[in-house]
Amino acid sequence: MSRQKIVAANWKMNGNRELVEQMYHGLNQESFNAEQQVIICPPAPYLASLQANISNNQVAIGAQNISENEKGAYTGEISALMLKDLQVQYVILGHSERRAMFHDSTELVAEKVAYALASGLTPILCIGETLEEREEGQTESRLSYELAPVIAKVGIESFKNVVVAYEPVWAIGTGKTASAEIAQQTHKFIRSYLASFDADVAQQVPLLYGGSVNAKNCEELFAQADIDGGLIGGASLNVEEFKKICLAV
Ligand code: PGA
């Protein structure tokens, strides 16, 4: 069965108005494969101007986080409703940087996923093991530990509207990509874990690989059976390189 191919850019806390302009000029001119989706997730201050200037209907906008609350006295937070108001369609949730530095526990991530879905946003749910966990043979238990509370909270049926990004923590921003073989093995495990809840849903969930993906290594990764695209950090800050990655999926 053919699943949607997705390449998503995670700018993290990088970029400026100049990059926003370069990105929409570059992407508006490009014609992507009709089946594919390109997603740009800039820092929140740039969501509106990017959204207003993207005219390529295969490019959507995503945020990098949301509050688990709807509105009110939560200084500094961003609500899913505000993102919907800006016509944002996706939100990255559970990124390992947020889990490690901003106390996004597995339960909180599950709440945010539930809230994003209820608000009509598509979550890009990130999961991944540390180097220590991989070396100790704990990769699969880590991934199921991160997935289980989300499945318990929203139900496996809801995963028809979830994108999962496998991002080994040891490969993020380090220049060390998982080999295509390791990435495929792990994606296969993730799909089989989802299939243990519902085989049909598992076949439909796009699984993205993230962690030091660039224009050179993306083709081999994207050629794997269970890799449906990528979540791109550093290499998404260069428009030409990012376009190459989008065209390789
Ligand atoms: P990287 O980041 O491509 O810079 O490794 C990926 C991510 O953290 O989403």
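The model is predicted, so local features need pLDDT of at least 70 and side-chain atom pairs count only at pLDDT 80 or more, while totals for chains, interfaces and linings use all residues. Residues are numbered from 1 along each chain as its sequence is written, and side-chain values use heavy atoms, with hydrogens and water left out.

Next, display the polar contacts (pairs of N or O atoms within 3.5 Å). A side-chain N or O atom of His95 is 2.7 Å from an oxygen atom of the ligand, whereas Gly233 places a backbone N or O atom 2.9 Å from a ligand oxygen and Gly234 places one at 2.8 Å. Of the 280 Å² of accessible area that the ligand has on its own, the protein covers 95% (Shrake-Rupley method, 1.4 Å probe).

Now turn to the pockets, which are found on a 1 Å grid over the protein atoms alone as open sets of points where a 1.4 Å probe fits, with protein on both sides within 12 Å along at least five of seven lines, and whose lining residues have an atom within 4 Å of a point. The ligand takes up the space of the second largest pocket (more than half of its atoms lie within 2 Å of the grid points). This pocket has about 170 Å³ of space, the volume being that filled by probe spheres set on the points. Its lining has 17 residues, with Lys12, Gly173, Ser212, Gly233 and Gly234 nearest the centre.

Moving to the largest pocket, of about 510 Å³, select Lys12, Met13, Gln64, Asn65 and Arg98, which lie nearest its centre among 22 lining residues. The lining comprises 12 nonpolar, 6 polar and 4 charged residues.

Finally, centre on Lys12, in the loop between strand 1 (5-10) and helix 1 (17-29), where this non-glycine residue has a positive phi of about 55°. Ser212, also not a glycine, has a positive phi of about 60° and is found in the loop between strand 7 (207-210) and helix 10 (218-222); helices (H or I, at least four residues) and strands (E, at least two) are DSSP runs, numbered from the N terminus.

Note on methods:
A polar contact is a pair of N or O atoms within 3.5 Å; within protein, one must be able to donate a hydrogen and the other to accept it, and residues adjacent in sequence count only if both atoms are side-chain atoms. Ala, Val, Leu, Ile, Met, Phe, Trp, Tyr, Cys and Pro count as nonpolar, Asp, Glu, Lys and Arg as charged, and the others, Gly among them, as polar.
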